[in-house]
Amino acid sequence: MQRLIYTIGITALMMGCSLMNKFPSENYYQFSYYRNYYQQNDSLIFEIQNPLKCPLRVSISSKDKELKQLVNLFDTITLKENSDTLLKFYFPFEKDLEINFRSVFGSLNKEIKKVTIAFPFCEGKTHKILQGYNGRYSHSTNYSRYALDFDLKVNDTICSADEGFVVGVIEDYKYGGSSKKWKNNDKSNFITIYHPHSGLFTQYVHLIHKGSFVKIGDKVRRGQAIGLSGTTGFTSVEHLHFNVLKPSYSGGLVSTEIEFCGGSLGKNLKYKDTVKNVQKESTITK
Ligand SMILES: [Zn+2]
């Protein structure tokens, strides 16, 4: 009998492990937007709507020869926050078209202001740095180079580093892992916030399943609780991956350096350093 219980126990444990690491087949997106195209008489018409409280750059592409020449003329369209656009082009070809839309956050015309921001956790809390700028484990691309990992545990509260608007939320993933497939496919829950006064974006990554307190369009204050930390996506330990980003000519957003309230420079924060959020003023202790 004891042996049977033991066997059942082992089986349950194994099932638990396989569930923990179940790689999701679904893909979730942090926002959606309306885009459409149709031919009318000799015209090709595009309709695009930006539902977000941040600028959105949309590019259109197609393998079709005639259409390729046409879309090369305007390349990327920048839509202001919460705006619609309708583009009409002379296009006298009757054919089935396959058109792809690609969207990225931010406007290249928006000036980026130098600001200091709060640490992305609750006022009064202390946390350790697990990975700093240019960390070899996962902070080595243009998108992640100046990210910081803080040692938040599962269910610890994440707070907005600055005031702004929520422009992206994914909270439907359940699992995480550290193998190659997790690294090569982003399956993490996260929140993206746009900060209009600085032009910067901040991202808070690896939240638990259904761990966001905010939704797209919400206005948030600096220090406001926005979600719960977790281990979804590519990670080997529980932590909060925090990234500050700005629009880039080379594509979407790129990671950028930041200074925290109280004078802590992100670039000086190294593995095992302890940082404290004190009344939204932050200090570093080695
Ligand atoms: Zn990280």
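Where is the place of Asn82? The model I am reading is predicted.

**Entry 1**

I found Asn82 in the loop between β4 (76-79) and β5. Its phi is positive, about 45°, although Asn82 is not a glycine. I noted the reason for flagging this: most residues other than glycine have a negative phi. I then checked the cover on the side chain. Asn82 has a relative accessible area of 47%, so I filed Asn82 as partly exposed.

I located Asn155 in the loop between β9 and β10 (157-159). Relative accessibility is 46% for Asn155, so Asn155 also counts as partly exposed.

**Entry 1**

Asp149 belongs to strand β9 (residues 148-150), and His241 belongs to strand β18 (residues 240-247). The pair is 92 residues apart and links distant parts of the chain.

Then I checked the geometry.

Are Asp149 and His241 buried or exposed? Asp149 has a relative accessible area of 4%, so I marked Asp149 as buried. His241 reaches 11% relative accessibility and counts as buried as well.

**Entry 2: cysteines**

How many disulfides does the structure hold? I counted 0 disulfides. A disulfide is a covalent bond between the sulfur atoms of two cysteines.

I followed up on Cys159. The cut-off I applied is 2.5 Å between the sulfur atoms. Cys159 is at 1% relative accessibility, so Cys159 counts as buried. Cys54 is buried too, at 0% relative accessibility.

**Entry 3: salt bridges**

I searched the whole structure and got 5 salt bridges. Side chains of opposite charge can pair when their charged atoms come close.

Glu66 sits in helix α2 (residues 65-74), while Lys95 sits in the loop between β5 (83-90) and β6 (99-105). They are 29 residues apart, and the pair links distant parts of the chain. Glu66 is partly exposed at 23% relative accessibility, and Lys95 is partly exposed at 28%. I also traced a network of salt bridges that links Asp64, Glu66 and Lys95.

Next I looked up Lys210 and Asp172. They form a salt bridge with the closest N and O atoms 2.6 Å apart. This pair also links distant parts of the chain, 38 residues apart. Lys210 lies in the loop between β14 (200-205) and β15 (219-220), and Asp172 lies in the loop between β11 (164-170) and β12 (176-177). Lys210 is partly exposed, with a relative accessible area of 49%. Asp172 is partly exposed at 29%.

Lys215 counts as exposed, at 56% relative accessibility.

Which residues form a nonpolar patch on the surface? I noted Leu130, Val237 and Tyr271. Together they have about 280 Å² of accessible area. I placed Leu130 in strand β8 (residues 126-131). At 30% relative accessibility, Leu130 counts as partly exposed.

I found Thr274 in strand β21 (residues 274-278). Its relative accessibility is 18%, so Thr274 counts as buried; the cut-off is under 20%. Thr274 and Ile129 are 145 residues apart in sequence. In space they are 6.4 Å apart, C-alpha to C-alpha.

How values were computed
Residues numbered from 1 in each chain as written. Predicted model: local features only at pLDDT ≥ 70, side-chain atom pairs only at ≥ 80, totals over all residues. Heavy atoms only, no water. Patch = residues over 30% accessible without salt bridge, like charges linked within 9 Å, V, L, I, M, F, W, Y side chains within 5 Å. Areas by Shrake-Rupley, 256 points an atom, 1.4 Å probe, with all protein chains shown as cover. Salt bridge = Lys/Arg side-chain N within 4 Å of Asp/Glu carboxyl O. Helix = DSSP H or I, 4+ residues; strand = E, 2+ residues; numbered from the N terminus. Buried < 20%, exposed > 50% of the residue type's maximum accessible area, 1.4 Å probe, protein only.
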